[in-house]
Amino acid sequence: MAYNLLKGKKGIIFGALNEMSIAWKVAEKSYEEGAEFLLTNTPVSMRLGNVDELAKKCHTEVIAADATKESDLEVLVQKAIDKYGKLDFVLHSIGMSPNVRKKLPYDKLNYDYYHKTLDISALSFHKVITILKKKNAMNDWGSIVALSYVAAQRTLYGYNDMADAKSLLESIARSFGYIYGRENKVRVNTISQSPTMTTAGSGVKGIDGLMDFTERMSPLGNATADECADYCITMFSDLTKKVTMQNLFHDGGFSSMGMSLRAMTQYNKSLDIETER
Ligand SMILES: NC(=O)c1ccc[n+]([C@@H]2O[C@H](COP(=O)([O-])OP(=O)(O)OC[C@H]3O[C@@H](n4cnc5c(N)ncnc54)[C@H](O)[C@@H]3O)[C@@H](O)[C@H]2O)c1
């Protein structure tokens, strides 16, 4: 059900690769809620995925941009301004770790890859906001959202250098949230989402077991990509005008839990097996 929450609002959505992508769902819902926006991804991802299909569905276009390259971002933001005038929302839904891809553990990281992880997954957020601000691209009370994960605060087996990238991403939201809020009344937040089965998600070591664990631990269960998109829409809307510099957990309650009955019951089963041996 649509509420017209984004009627007349314009934006840019980074990171829709395929139907599983969280950004894909955000784009679909933004369209349903009346927004107009540009989609963007890297040239390689545009070839590998099917973002063109999404663009057709949302009556828009895809602009190729590598979010680590300031020159690409300048062109992208200028195109958005030329098309729409000032913008109301931007979604940063970008993450990638070459160390995770190559299965290098945290105590044997390749430092060139580590730089790439931080550049792609965190510094790109700083670059996007810097260019939006330099070009005075955002309307007052505009909203910039990036997607994060609880590994920024807590150590989760296998999340590797992405945990460091997410900590940095959340810090950038706070630091820029202050400056952009003070000077232009623009909001900057991160949404910390449950583990979700997407292309990036499936790269996380042990994702199936992790999702089962977080499902059992969370009183409301894991949040889906669709539900994450709903939350993003409220953050883009005028209903959340005074929310800024926050890391907003969207995880069914997982981040406040220590142990649940459902998780304990499952854990005890494995203890029984151990003692039976
Ligand atoms: N899936 C999960 O479990 C989960 C949980 C919490 C947070 N997140 C975060 O959500 C965001 C979206 O991930 P997703 O799960 O939808 O997976 P996804 O693989 O669909 O999206 C990741 C996107 O990042 C893009 N990307 C990679 N390098 C880029 C670059 N240099 N420039 C521009 N774009 C680039 C990819 O092309 C892809 O579209 C990421 O920040 C991810 O860390 C995911």
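**Entry 1: strand pairing**

I began with strand 1 (residues 10-14), which pairs with strand 4 in the parallel sense over three bridges. I take strands (E, at least two residues) and helices (H or I, at least four) as DSSP runs, numbered from the N terminus. Two strands count as paired if DSSP finds at least two bridges between them. I note that this is a predicted model, in which local features need pLDDT of at least 70 and side-chain atom pairs count only at pLDDT 80 or more, while totals for chains, interfaces and linings use all residues. Residues are numbered from 1 along each chain as its sequence is written.

I looked up the partner of I12 in strand 4 and found V90. On strand 1 I also found five bridges to strand 2 (residues 36-41), again parallel; there G11 has F37 as its bridge partner. Strand 4 is joined to strand 5 (residues 138-148) by five bridges, and the two run parallel.

I then traced the strand order, which is 3-2-1-4-5-6-7 in an open sheet of seven strands with parallel pairing. Strand 3 (62-64) and strand 7 (247-250) are the edges; each has a single partner strand, so one side of each lacks a neighbour in the sheet. The twist averages 20° from one strand to the next, with axes fitted as lines to C-alpha atoms (for helices over the stretch in contact) and angles running from 0 to 180 degrees between N-to-C directions.

Is strand 4 buried or exposed? Six of the six residues of strand 4 (residues 87-92) are buried, so the strand is largely enclosed by the rest of the structure. Buried means that 20 or more other C-beta atoms, placed from the backbone, lie within 10 Å of the residue's own.

**Entry 2: helix 4 and helix 6**

I checked how helix 4 (residues 70-84) meets helix 6 (residues 111-134): their axes come within 10 Å and cross at roughly 45°. Helix 4 is therefore oblique to helix 6, a class left over once angles under 35, over 145 and from 65 to 115 degrees are set aside. I listed E70, L73, E74 and V77 of helix 4 and K127, V128, I131 and L132 of helix 6 as making the contact, where contact requires C-beta atoms, placed from the backbone, within 7 Å.

Finally, I recorded that helix 4 lies across strand 1, strand 2, strand 3 and strand 4, at about 160° to strand 2. Helix 6 lies across strand 4, strand 5 and strand 6 (187-193), at about 165° to strand 4.

Key: Buried ≥ 20, exposed ≤ 12 C-beta atoms within 10 Å, placed from the backbone. Contact = placed C-beta atoms within 7 Å.
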